[in-house]
Amino acid sequence: MTAKTLYDKLWDAHLVKQRDDGSALIYIDRHIVHEVTSPQAFEGLRLANRKPWRVDSVLATPDHNVPTTVTERASGVDGIADPVSKIQVQTLDDNCDSFGITEFKINDNRQGIVHVVGPESGACLPGMTVVCGDSHTATNGALGALAHGIGTSEVEHVLATQCLVAKKMNNMLVKVDGKLGKGVTPKDVVLAIIAKIGTAGGNGCAIEFGGQVFRDMSMEGRMTVCNMAIEAGARAGMVAVDDTTIEYVKNRDFAPKGDDWDAAVDVWRDLVSDEGAHFDKVVEIDGAQILPQVSWGTSPEMVVSVLDAVPNPEEESDPVKKTGMERALEYMGLSAGQKITDIHVDRVFIGSCTNSRIEDMRAAAAVVKGRQKANSVKEAIVVPGSGLVKAQAEAEGLDEIFTAAGIQWREPGCSMCLAMNADKLGEGEHCASTSNRNFEGRQGYGGRTHLVSPEMAAAAAIAGHFVDVREF
Amino acid sequence: MKAFTTHTGVAGPMDRANVDTDMIIPKQFLKSIKRSGFGKNCFDELRYLDQGLPDQSCEGRPLNKDFPLNFERYKGASILLTRENFGCGSSREHAPWALEDYGFRAIIAPSYADIFYNNSFKNGLLPVILDEKIVDQLFEEMYAVEGYELTVDLEKCQVITPTGEVFAFELDEFRRHCLLNGLDDIGLTLEDADAIHAYEKKLKEQSPWLFNAIR
Ligand code: SF4
């Protein structure tokens, strides 16, 4: 038998039908739904008089529009101040109720960002195909699953048929060996990868993250990395199953129990790339060389280490890239050669599906402990990824560490990652953000995002500008 | 789904690489629960000088006169010429909805982000891939000639310039077939309902835990 990659195995196991024209029908095990990309899909079902194929495979939760302040959150959907957001959240509730879909509603303590809730609840498991109308669905690949984002027409398609029309992607291996230095986090690893391969580097590929660095990494860290596979151009990212994976899944709410558990673990153990399996593309990075990263521009590939300076477009030979850099510098209000540590921050956001799991909360709290937010920082907020993360963090007293430092502790949701709710940047404001996208206007009209790890964001909140967290 | 066979129209520029979906349709407009009406906010932050709000009429908003698609010569452009990795970022199908509603029927670029590429076909919007050098040439010709019109022929898989120069493009047969005939994906898949049921039955025996209901 030919050696297979992890992606090959997941693909083969879910192939319902290979069509002559190169397309295939892939069976979907888990479908996660949120309020932004689903209303038109449900409407489509209704118009065509169709029913969901398997309601028990679907899990919904509102995340993008939900407010994150305790007051606005207190009275649930009715309390959402923005009328347009309210309609969208209400529409999700209505659709889930009428189609019989399980939903963790706004004030259910299991509610949260879809990509945090999926793995945490055990709804997403190793070996599954997972889809959601959201590009960061790749996060679930950390479980050894084939997980990717889909558009709204596909949401409707999966609801109606339990299948996706897909074409097999190429196999790409990103191998990071060695040992990470102190203060260097999974976020820095994935930013360094994107800096190296570019935002189109993984186009058409499913990326497997392999090597010692990922074997040593926690599940939370692997999720941070897989989350940003999309920023590297890949629809799916994944990590092979090992003891860390299995330990993580064990005893989760929807995880198999008893005999089912044993049988599942047997199957999951094989979710690794075979020795000698073929990858169409391989990129190798030395983990020991990676330093804490900070993005300076308006694309996730515009990243340098905290010790560097803002790069000079004049030194770029590719004319399209050069104009892109010039435009980014103008938008960001930065000049070439400016030291990264000289960039002042106006706001700090710790949260998003990239970095809002318990480990991220702990890491940020460890930096903050016993210190004070700089006066020059207008606002720093920590937004846990789910109600369960929030409860855990509070049980550990992390919320008190933040609030004692003058940093706000919020209710779970996407929040300032994309500013669909009230949490946004003002025009021209610089933000140290643990989210995944630094596009123009992403965190608010005219806002300037710098992508960093939770540790680096916490340190910037204290210092008022970027600092090397290793010396902090 | 809307069919696409052949289309001739004025080409308009979006002369940047890595145009992301937040740029195509900013997030505040994603709050709509409808599929239509996004065209007036397509490229909102580049097109207007003020900040756009959902449910706001765009008539009378200050236009950014430096934004090429606002130039008189590109009025009514229905073919968008752009650079590599167009449509990167989020999976929002609102991006092709906005482009289509604006009036674009086809896009020409050296490459696209995967999800955007896929979403476009579902909305009768044809993303054509041409070599970077050819795209460069088309940009030059478009800038040089006012009212520059291209023809995109999906039947023959060709882009034809005003001088009659022909560039062939490729795309996979399934997508081409569906778009040419305006086929409904779901209906097509449901023709294979038996295969799906058979697969499900086998899977349930092998891995029953995959069917544990979410409650
Ligand atoms: S946290 Fe940000 S990136 Fe993640 S799902 Fe929410 S909006 Fe998208």
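In chain B, strands β3(B) and β4 (residues 126-129) pair in the parallel sense over four bridges; two strands count as paired if DSSP finds at least two bridges between them, and helices (H or I, at least four residues) and strands (E, at least two) are DSSP runs, numbered from the N terminus. Within β4(B), B:L126 is the bridge partner of B:A106. From β3(B) the chain crosses to β4(B) through helix α4 (residues 114-121) of chain B, a right-handed β-α-β crossover; that is, with the strands pointing away from the viewer, the path from the first strand over the helix to the second runs clockwise.

The model is predicted: local features need pLDDT of at least 70 and side-chain atom pairs count only at pLDDT 80 or more, while totals for chains, interfaces and linings use all residues. Residues are numbered from 1 along each chain as its sequence is written, chains are lettered from A and ligands numbered from 1 in the order in which they are written, and side-chain values use heavy atoms, with hydrogens and water left out.

Helix α5 (residues 132-144) of chain B comes next. B:D131 caps its N-terminal end, with a side-chain oxygen 3.1 Å from the backbone nitrogen of B:K133. The buried residues of α5(B) are B:V135, B:L138, B:F139, B:E141 and B:M142, where buried means under 20% relative accessible area, exposed over 50% and partly exposed in between (1.4 Å probe, protein chains only). These residues pack against β1 (6-14), β2 (79-82), β3 (106-109), β5 (149-153) and β7 (166-168) of chain B. Beyond its neighbours within four places in sequence, B:I108 is in contact (heavy atoms within 4.5 Å) with residues including B:V135 and B:L138.

B:I108 is also one of the residues that touch the most other members of the largest nonpolar core, which has 108 residues. Such a core is a set of buried Ala, Val, Leu, Ile, Met, Phe, Trp, Tyr and Cys residues joined through side-chain atoms within 4.5 Å.

Chain A holds an open sheet of five strands in the order β5-β4-β3-β6-β7, with parallel pairing. Its edge strands, β5 (102-103) and β7 (146-149), each pair on one side only. Three bridges join β3 (residues 30-33) to β6 (residues 129-132) of chain A, and A:H31 stands opposite A:V131.

Most residues other than glycine have a negative phi. A:N251, however, has a positive phi of about 70°, and with 61% relative accessibility it counts as exposed. B:D55 has a positive phi near 65° and, at 73% relative accessibility, counts as exposed.

Technical notes. Polar contact = N/O pair within 3.5 Å; in protein donor to acceptor, adjacent residues only side chain to side chain.
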